[in-house]
Amino acid sequence: MFMILGYPAPLMFGQLLLGLINGAFYALLSLGLAVIFGMLNIVNFAHGALFMLGAFVAWGLLEYLGIGYWVALFLAPLIVGVFGVLTEKLLIRHLYKLDHLYGLLLTFGLALIIEGLARNQYGSSGMPYRIPAALQGATDLGFMFLPNYRGWVVLAAAVMCLITWLVIEKTSVGATLRAATENAPLVQAFGVNVPRLITLTYAGGVALAAFAGVLAAPIYSVNPNMGANFIIVVFAVVVIGGMGSILGSIVTGFGLGIIEGLTKVFYPQASATVIFLVMVIVLLARPAGLFGKAA
Amino acid sequence: MLEVRGLNSWYGESHILHGVDFDVQEGEVVTLLGRNGAGKTTTMKSIMGLVPRRQGSIRFKGQETLSLRPDEIARTGIAFCPEERGIFASLNVTENLMLPRTVAPGGLDLPTIYTLFPNLKERASSQGTKLSGGEQQMLAIARILRTGAKLLLLDEPTEGLAPVIVQQIGRTIREIKQRGFTVLLVEQNFRFAATVADRHYVVEHGRVIDMIPNAQLEASMGKLHGYLGV
């Protein structure tokens, strides 16, 4: 059998792919967290729950309304985005004048409620969500078989990260967003409706989480804990990348997914902790994170 | 154009303005002179709605603006250039220039702005904060000329700048006055203020205590030295 560094190649590539898939979810989730943190100064603990909500909405659309995957890929982020608008306007808005910790507590409570309601209604064993017909099967790449759906997930996540990055870095809306992150009162004095911008930023960030949730639905079964499983690692990704850094979250998300995957090949026992090991090392060397600006 | 009456402002528990009264007529350049901490900047921020709490009356073109949010005040046609210039580090020069919203027709177009501030064109893709202090000040003024706002609030535009740049800013202010803009200027440097302004209000302890037309500035030097402690 073809070997790499003494390990069978199919195992290596398989774990690399798994790492890339996890990395894709880390990137999408930490990207939304970074955008929200930059603008609202809130660590959105509800992010994992909203990722899960995205998957549930996709499942519900199919189960109750017969609306399939491709439509759900747009509709679920939209629905969760509207939920985000309401959350920001009705709840989070009232905390901006208080310490950041209150925002964290509120969103953490929100996460517990959303996950609790889902568990109450659907149990915690999870429900299957079928891979759409067009993406079933696998492709022989010569060195490995690539399940089509997994390839699609990596591609879709990468494209969505790229689009988000382009919008923030290269458009006038993005310029307004960056400026408001630096000095919101002055941007408002320039005629920008900053409160609305903040609402839309939160909605956009959670819509990204929901998009990731729909992508994840066919891979991990749709279950109330799927967000909680991810979110702790995602917070580590955000810290390693640098709080609020857009590029940082994308690169770190994919990079750490790959590191995690490779660790499963070389030293499986450490695969669950390697990301936190990286976090410790990065924080010792660069307290502001890899891409963060020192405060 | 602008009527401020009995303006009181607070930052938390600190009562900064204790009943500020003054007027700015259309087409005028008016300065607020006064020592550090007299309340000049707070007056500007109060007009823009950027203080936590204010009372009294601020009428712009007859409209009461006290209950409006800063973005709504901006859209009535008032533009603000803050003391710290407010150039955004994460935006390049062009993005900084295009950031303020267009609030009315009749703002300067980009070619005109680049004629007034040739440096900005050369540095269009530079990061905003990589500019020199003088260039940053030019950018901070240039971007509010674009918006169509006709009342410009300039907070100490000459602070910390070399004399040659101060002269250039003086020329710019006279130029925009000729183009029909109205300017409210906060200054500590009354020698500079004398070269651009029509009238001067003296601010002390959160109140306007005197008004001196520019023509009488020479005659009022003794009084002014007393006010400003120079």
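Mentor: Strand β3(B) pairs in the parallel sense with β9 (residues 199-204) of chain B over four bridges, where pairing requires at least two DSSP bridges between two strands and where strands (E, at least two residues) and helices (H or I, at least four) are DSSP runs numbered from the N terminus. This is a predicted model, in which local features need pLDDT of at least 70 and side-chain atom pairs count only at pLDDT 80 or more, while totals for chains, interfaces and linings use all residues. Residues are numbered from 1 along each chain as its sequence is written, chains are lettered from A and ligands numbered from 1 in the order in which they are written, and side-chain values use heavy atoms, leaving out hydrogens and water.

Trainee: Which residue in β9(B) stands opposite T31(B)?

Mentor: That is H200(B). β3(B) also pairs with β8 (residues 182-187) of chain B, again in the parallel sense, over five bridges, and there V30(B) has L184(B) as its bridge partner.

Trainee: And which way do the residues of β3(B) point?

Mentor: V29(B), T31(B) and L33(B) point one way, V30(B) and L32(B) the other, and all are buried, meaning under 20% relative accessible area with a 1.4 Å probe and protein chains only.

Trainee: Switching to chain A, at what angle do α1 and α8 cross?

Mentor: The axes of α1 (residues 9-40) and α8 of chain A cross at roughly 170 degrees and come within 9 Å, the axes being lines fitted to C-alpha atoms over the stretch in contact, with angles from 0 to 180 degrees between N-to-C directions. That makes α1(A) roughly antiparallel to α8(A), a label for angles over 145 degrees.

Trainee: What sort of residues make that contact?

Mentor: The contact of α1(A) with α8(A) has 19 nonpolar, three polar and no charged residues; Ala, Val, Leu, Ile, Met, Phe, Trp, Tyr, Cys and Pro count as nonpolar, Asp, Glu, Lys and Arg as charged, and the others, Gly among them, as polar.

Trainee: Which helix gives the largest share of the lining of the second largest pocket?

Mentor: α8(A) does, with 10 residues. The lining of that pocket has 36 residues, and among those nearest its centre are T164(A) and L200(A). A pocket here is an open set of points on a 1 Å grid over the protein atoms alone, where a 1.4 Å probe fits, with protein on both sides within 12 Å along at least five of seven lines, and lining residues have an atom within 4 Å of a point.

Technical notes:
Buried < 20%, exposed > 50% of the residue type's maximum accessible area, 1.4 Å probe, protein only. Parallel < 35°, antiparallel > 145°, perpendicular 65-115°, else oblique.
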